[in-house]
There are 2 protein chains.
Amino acid sequence: MTQVRNLEEKTIASETIFEGRVVRLQIDRVELPDGGTSTREIVKHPGAVSVLAVTEENKLVMVRQFRKPLEKTILEIPAGKLEAGENPADCAMRELEEETGYRAEKIEHVVSFYTSPGFADEYLHIYRANGLSKGEARLDQDEFVELVELTLDECLERIAAGEICDAKTVAAVYLWQNQVLRGRSV
Amino acid sequence: MTQVRNLEEKTIASETIFEGRVVRLQIDRVELPDGGTSTREIVKHPGAVSVLAVTEENKLVMVRQFRKPLEKTILEIPAGKLEAGENPADCAMRELEEETGYRAEKIEHVVSFYTSPGFADEYLHIYRANGLSKGEARLDQDEFVELVELTLDECLERIAAGEICDAKTVAAVYLWQNQVLRGRSV
């Protein structure tokens, strides 16, 4: 169906500008498909997981969290960065429990996507948590989050109001809405 | 409903590490809610728009494009970076036409989100394009993309196969699916 024209950009040179705790910034000089050259600014990221967890009361488990890049506190589904070599499903299970106190009996992969393919390689997995039971949250030392639980209608209102405003959470809410519309349990 | 505990992180110092054509990287030293300190690696981005455009044949207008950060060619809805001071709706209209040749009679805002709130401030708007008519694509000099049109079922299959694999496109397809399930035209 798609024509398989080669749209590839070959790396001529690559320079690491910064290597941090979370991201690495590199600048690649590339050869374009027409033989011209350009540069690409690339942020390397270890990847992340997030969890679509719906309680028995049909509420989405979320966290309120300050996000320094945005200089504001927003509502998101529980999420966390992958550690080197970590299994994403284990990471999802761990982050859900650490941030919210909810334990899942079962966790299953739903969808994965690159958050910003134009400048970053962050690959984010969404897992669905089933069979929730509530315990205590255990946060990392520099992590400050608050548990919030919202119905689907409340989530859709918060999206419209711009209070739920990050890619993974918007995608997870739409996915949940889809499953509700199709009459499937989550 | 939510407790309004202050989760804010105050900036103690901010250093710009890199200023590029697309992104700026800065490292902020922050004071945490408990008085401790930490650092935050922050990528500043001008923001972007993308377009959910469905043809009269009920196919989603997409582009095949090589993404250097991922080292692969992927399928996405048409999108582009905002230029300084540019109106997002105008940008959406322009990018759709430049990348695909489709002109929209009307463009309306659907949803906006931060793509990676943990490390970047990129804010992405999705617009819905209505009243499409087909002309010729006019690409930027270092832009190489190919038009692809897919039905909703084909999009869902491509998501499952990981071939549609970026946040904005996954969110747009779920949104389209929702509208179809609710019996609303797009």
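## Charges over rings

A charge is taken to sit over a ring if NZ of Lys or CZ of Arg is within 6 Å of the ring centre and within 35 degrees of the ring normal. The charged end of Lys134(B) meets this rule over the ring of Tyr102(B), at 5.3 Å from its centre. In chain A, Lys134(A) lies over the face of Tyr102(A), 5.3 Å from the ring centre.

## Basis of the values

This is a predicted model, in which local features need pLDDT of at least 70 and side-chain atom pairs count only at pLDDT 80 or more, while totals for chains, interfaces and linings use all residues. Residues are numbered from 1 along each chain as its sequence is written, chains are lettered from A and ligands numbered from 1 in the order in which they are written, and side-chain values use heavy atoms, with hydrogens and water left out.

## Chain A overall

Chain A holds three helices and 10 strands; both are DSSP runs numbered from the N terminus (helices H or I, at least four residues; strands E, at least two). Read from the N terminus, the order of elements is β-β-β-β-β-β-β-α-β-β-β-α-α. Along the principal axes, the C-alpha atoms of chain A fill a box of roughly 60 × 45 × 35 Å.

Of the 186 residues in chain A, 56% are buried. Buried means under 20% relative accessible area, exposed over 50%, and partly exposed in between (1.4 Å probe, protein chains only). Chain A exposes about 8200 Å², of which carbon and sulfur atoms supply 42%; the areas come from the Shrake-Rupley method with a 1.4 Å probe, and for residues only the protein chains shown count as cover. A contact means heavy atoms within 4.5 Å. Among contacts in chain A between residues at least 6 apart in sequence, 55% join residues at least 24 apart.

Helix α3 of chain A covers residues 167-181, 15 residues in total, and reaches 21 Å from its first C-alpha to its last, close to the 21 Å expected at 1.5 Å a residue. The expected span is 1.5 Å times one less than the number of residues. α3(A) is mostly covered, with 13 of its 15 residues buried. Just after α3(A), Gly183(A) takes a positive phi of about 80°.

Ser38(A) belongs to strand β3 (residues 37-44) of chain A. Ser38(A) is buried, at 9% relative accessible area. Leaving out residues up to four places away in sequence, Ser38(A) touches Asp28(A), Arg29(A), Val30(A) and Leu32(A), and also Arg21(B) and Asp142(B).

## Aromatic pairs

A pair of aromatic rings is described by the distance of the centres and the angle of the planes. Rings of Phe, Tyr and Trp (its six-membered ring) pair if their centres lie within 6.5 Å; planes under 30 degrees apart count as stacked, over 60 as edge-to-face and the rest as tilted. Over all chains, this rule gives two aromatic pairs. In one of them, the centres of Tyr114(A) and Tyr123(A) are 4.4 Å apart and the planes stand at 35°, so the pair is tilted. Tyr114(A) is buried at 11% relative accessibility, whereas Tyr123(A) is partly exposed at 27%.

Tyr114(B) and Tyr123(B) also form a tilted pair, with 4.4 Å from centre to centre and 35° between the planes. Tyr114(B) is buried, at 12% relative accessible area, and Tyr123(B) is partly exposed, at 27%.

## Salt bridges

Side chains of opposite charge can pair when their charged atoms come close. A salt bridge is a side-chain nitrogen of Lys or Arg within 4 Å of a carboxyl oxygen of Asp or Glu, and the count over all chains is 30. Arg94(A) bridges to Glu95(A), with the closest N and O atoms 3.5 Å apart. Arg94(A) is partly exposed at 22% relative accessible area, while Glu95(A) is buried at 6%. Both residues belong to a salt-bridge network that links Glu83(A), Glu86(A), Arg94(A), Glu95(A) and Glu98(A).

Glu97(A) and Arg138(A) form a salt bridge at 3.8 Å between the closest N and O atoms. Glu97(A) lies in helix α1 (residues 88-100) of chain A and Arg138(A) in the loop between β9 (123-134) and β10 (145-150) of chain A, so the pair ties together parts that are 41 residues apart in sequence. Glu97(A) is buried at 17%, and Arg138(A) is partly exposed at 46%. In chain B, Glu108(B) and Arg128(B) meet in a salt bridge of 3.1 Å, N to O. That pair links distant parts of the chain, Glu108(B) in strand β8 (residues 102-114) and Arg128(B) in strand β9 (residues 123-134), 20 residues apart. Glu108(B) is partly exposed at 29%, whereas Arg128(B) is buried at 8%.
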